[in-house]
Amino acid sequence: MKKYNFYAGPSILPEFTMQKTAEAVLNFAGTGLSVMEVSHRSKEFIAVMTQAQQLTKELLHVPDGYSVLFLQGGASLQFLMVPYNLLNKKAGYLNTGMWASKAMKEAKLLGEVVEVASSKAANFNYIPKNFEVPADIDYLHVTTNNTIFGTEILTDLDVPVPMVADMSSDIFSRPVDVSKYDLIYAGAQKNLGPSGATIVIVKNEALGKVNRVIPTMLDYKVHIDNESMFNTPSTLAVFGCLQTLIWLKDQGGVEAIEKVNAKKAEVLYGEIDRNKMFMSTVPDPADRSRMNVTFVMTPEYVELEKEFNEFAKARGMIGLPGHRSVGGFRASIYNAMSLEGVQALVDVMKEFEKSK
Ligand SMILES: *Cc1c(COP(=O)(O)O)cnc(C)c1O
């Protein structure tokens with residue numbers, strides 16, 4: 001039976017990425033050695049790192065004056081690195097979920113944090129709008145896609161200060177105006193590659209403005225000056241990320257994949273809205289994530305939750321149970337999930353409805 005992977009992260013990757021990575025584990029770039037055992041300073045691996053950086057710039061149309069880094073420590077370390085490098089006095093945070101809250105916690109270690117708005121009182125089931133952004137903050141931090149709560153900010157906000165964005169779960173899913181951001185970061189394991197790599201896109205000019213001593217490994221400048229090779233990078237993970245970027249370019253880039261993502265979301269939310277057994281956890285359609293589709297059973301059918309999960313699992317649908325803070329289900333339909341995969345899930349939802 002075909003398996004469909006709806007895990008939130010680590011999560012589905014293109015078959016191409018798996019195939020190429022498997023080959024390189026046995027014989028990397030014709031070296032006769034595994035990508036796992038080749039020096040990161042070899043010309044073959046340097047070519048991988050350089051190409052991954054270049055393709056990122058090309059696909060996201062990154063303007064001149066920005067650097068692309070592949071670091072370690074996950075998005076969670078970026079929660080700390082960002083304020084270490086960019087927060088002088090005061091920063092603003094839009095609190096749209098658990099990851100945003102965790103980012104705020106770290107920033108508070110280094111300066112004043114203004115929570116510009118929060119949807120916490122509604123269990124983060126919407127994106128706050130029309131909030132005021134103080135003009136005197138060093139940056140506004142946003143989480144563009146809230147992986148746990150299934151909400152997404154689908155357009156780049158217009159604010160009077162530079163933005164910093166956690167794009168862990170929607171980077172490369174649509175075009176982004178990078179010039180509006182001083183920094184964008186993302187753990188690779190949602191939409192890009194194996195866990196172990198973290199991508200950072202940073203405006204060079206934004207650095208060097210804070211008055212604190214920055215520990216070497218937390219200093220973006222150190223990593224920029226050393227081409228992401230200050231210490232050993234996660235070579236295998238970076239190789240995997242590169243394969244996904246090559247695949248994405250072949251699909252027509254972020255402009256083309258956005259259309260597919262919009263269609264997938266339309267099909268799945270359409271069924272959730274139509275099927276009497278299910279309902280979205282995000283009331284406003286404008287706030288619904290195209291990457292993580294969260295839904296629950298309607299009150300009348302809520303006792304069938306376990307049964308539906310078993311029913312779906314028996315038909316190849318893997319990783320559907322929602323995060324414990326939301327419950328219900330979460331179908332993560334990242335770039336690598338095909339429309340056919342989404343349709344297969346919709347068919348299972350219809351079949352379950354008919355069976356009752
Ligand atoms: C998964 C996730 C994180 C945490 O990523 P790690 O790489 O595990 O640290 C942070 N932010 C968002 C939006 C996420 O989806």
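Predicted model: local features only at pLDDT ≥ 70, side-chain atom pairs only at ≥ 80, totals over all residues.
Two strands count as paired if DSSP finds at least two bridges between them. In S5, Tyr-93 has His-141 as its bridge partner. Strand S5 covers residues 140–143, runs parallel to S3 and is joined to it by 2 bridges.

Strand S3 itself spans residues 90–95 and is mostly covered, with 6 of its 6 residues buried. In a regular strand, side chains alternate between the two faces of the sheet. In S3, Lys-90, Gly-92 and Leu-94 point one way, while Ala-91, Tyr-93 and Asn-95 point the other way, and all of these residues are buried. Strand S3 also pairs with S4 (residues 112–118), here in the parallel sense and over 6 bridges. Within S4, the bridge partner of Tyr-93 is Glu-115. To get from S3 to S4, the chain passes through helix H4 (residues 98–107), and this β-α-β crossover is right-handed.

Strand S5 is joined by 4 bridges to S8 (residues 163–166), and the two run parallel. In this pairing, Thr-143 stands opposite Asp-166 of S8.

Asp-166 leads on to the ligand, as it is listed with Ser-76, Thr-147, Gln-189 and Lys-190 as the closest of the 13 residues that surround the ligand. By class, this shell has 3 nonpolar, 8 polar and 2 charged residues. Helix H3 (residues 74–86) gives the most to the shell, with 4 residues. A polar side-chain atom of Ser-76 lies 2.6 Å from an oxygen atom of the ligand. For Ala-75, a polar backbone atom is 3.1 Å from an oxygen atom of the ligand. The side chain of Lys-190 also takes part, with an N or O atom 2.6 Å from an oxygen atom of the ligand. On its own the ligand has 380 Å² of accessible area, of which the protein covers 87%.

Gly-74 has a polar contact of its own within the protein: its backbone nitrogen lies 3.0 Å from a polar atom of the side chain of Thr-198. Thr-198 is found in strand S10, which spans residues 198–203. Thr-198 counts as buried because its relative accessibility is 0%, and the cut-off for buried is under 20%.

Asp-347 and Ala-312 are 35 residues apart in sequence, and their C-alpha atoms are 10.0 Å apart in space.

Terms used:
Residues numbered from 1 in each chain as written. Heavy atoms only, no water. Buried < 20%, exposed > 50% of the residue type's maximum accessible area, 1.4 Å probe, protein only. Right-handed = clockwise from strand over helix to strand, strands pointing away. Near = heavy atom within 4 Å. Polar contact = N/O pair within 3.5 Å; in protein donor to acceptor, adjacent residues only side chain to side chain. Areas by Shrake-Rupley, 256 points an atom, 1.4 Å probe, with all protein chains shown as cover. Nonpolar A, V, L, I, M, F, W, Y, C, P; charged D, E, K, R; others polar.
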